Amino acid sequence: MTDDIDRILGQWARERPDLDTAAMGVFGRIFRLGKLAGDVTERAYGRFGIGRPEFDVLAALRRSGEPFQLSPGALAASMMLSTGGTTARLDRLEKAGLVTRSPDPNDRRAILVRLTERGRALADEAVTAGLAEQQRLLAHLPPEKSAQLSALLRELLHGL
């Protein structure tokens, strides 16, 4: 079984036989898988009127557990974003009625972001839809190979 990456590697082998292109094969496939999975997941979220950036906020709040609230700083850290980037997302979500912002009762200088009931329901529906698409993309792999792939990617990420 060959793919477009094999064709590209073959071209490099012909033109530059001195290069070891094994890493290019691994990362080329990771990049293509990431793009494909990202596009499919983005379409799944789009059915709910949100994109990946909005989903990331809703998911972070939903995963935080009752009362489904975090500070903007904690949200930004969980998404590896600047607080400015987080503020723009929060503005959109608040306008859509999916989150609220209110003063932190323990610190008058701070605010807390909380999922609304509508936001929680949408987060639950969107994560289910996105996960179904991701599972569909993996369906042709036996479960043990999927687990092996996950373990190998975890090991690679840990080393970086």
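Helices (H or I, at least four residues) and strands (E, at least two) are DSSP runs, numbered from the N terminus. The model is predicted, so local features need pLDDT of at least 70 and side-chain atom pairs count only at pLDDT 80 or more, while totals for chains, interfaces and linings use all residues. Residues are numbered from 1 along each chain as its sequence is written, and side-chain values use heavy atoms, with hydrogens and water left out.

**Exercise 1. State where F68 lies, and whether F68 is buried or exposed.**

Solution. 
- Step 1: F68 sits in the loop between α3 and β1.
- Step 2: The relative accessibility of F68 is 7%, so this residue counts as buried. Buried means under 20% relative accessible area, exposed over 50%, and partly exposed in between (1.4 Å probe, protein chains only).
- Step 3: Although F68 is not a glycine, its phi is positive, at about 60°.
- Step 4: P67 is found in the loop between α3 and β1 (69-70) as well. The peptide bond from E66 to P67 is cis, with omega near 5°.

**Exercise 2. Describe how α3 packs against α4.**

Solution. 
- Step 1: Two packed helices are described by the angle between their axes and the distance between the axes. Axes are lines fitted to C-alpha atoms, for helices over the stretch in contact, and angles run from 0 to 180 degrees between N-to-C directions.
- Step 2: Helix α3 (residues 52-63) and helix α4 (residues 72-79) have axes that come within 10 Å and cross at roughly 110°. That makes α3 roughly perpendicular to α4. Angles under 35 degrees count as roughly parallel, over 145 as roughly antiparallel, 65 to 115 as roughly perpendicular and the rest as oblique.
- Step 3: From α3, D56, V57, A60 and L61 meet L75, S78 and M79 of α4 (contact means heavy atoms within 4.5 Å).
- Step 4: The residues of this contact of α3 with α4 divide into 5 nonpolar, 1 polar and 1 charged. Here Ala, Val, Leu, Ile, Met, Phe, Trp, Tyr, Cys and Pro count as nonpolar, Asp, Glu, Lys and Arg as charged, and the others, Gly among them, as polar.

**Exercise 3. Find the angle at which α4 and α5 pack, and the residues that meet.**

Solution. 
- Step 1: The axes of α4 and helix α5 (residues 83-95) are 9 Å apart, at an angle of about 105°. The two helices α4 and α5 are therefore roughly perpendicular to each other.
- Step 2: P72, L75, A76 and M79 in α4 meet T83, T86, R89 and L90 in α5.
- Step 3: The contact of α4 with α5 is made up of 5 nonpolar, 2 polar and 1 charged residues.

**Exercise 4. Describe the surroundings of S102.**

Solution. 
- Step 1: S102 belongs to strand β2 (residues 99-104).
- Step 2: S102 has a relative accessible area of 31% and is partly exposed.
- Step 3: Leaving aside neighbours within four places in sequence, S102 is in contact with A110, I111 and L112.
- Step 4: R114 is 12 residues from S102 along the chain, and their C-alpha atoms are separated by 8.1 Å.
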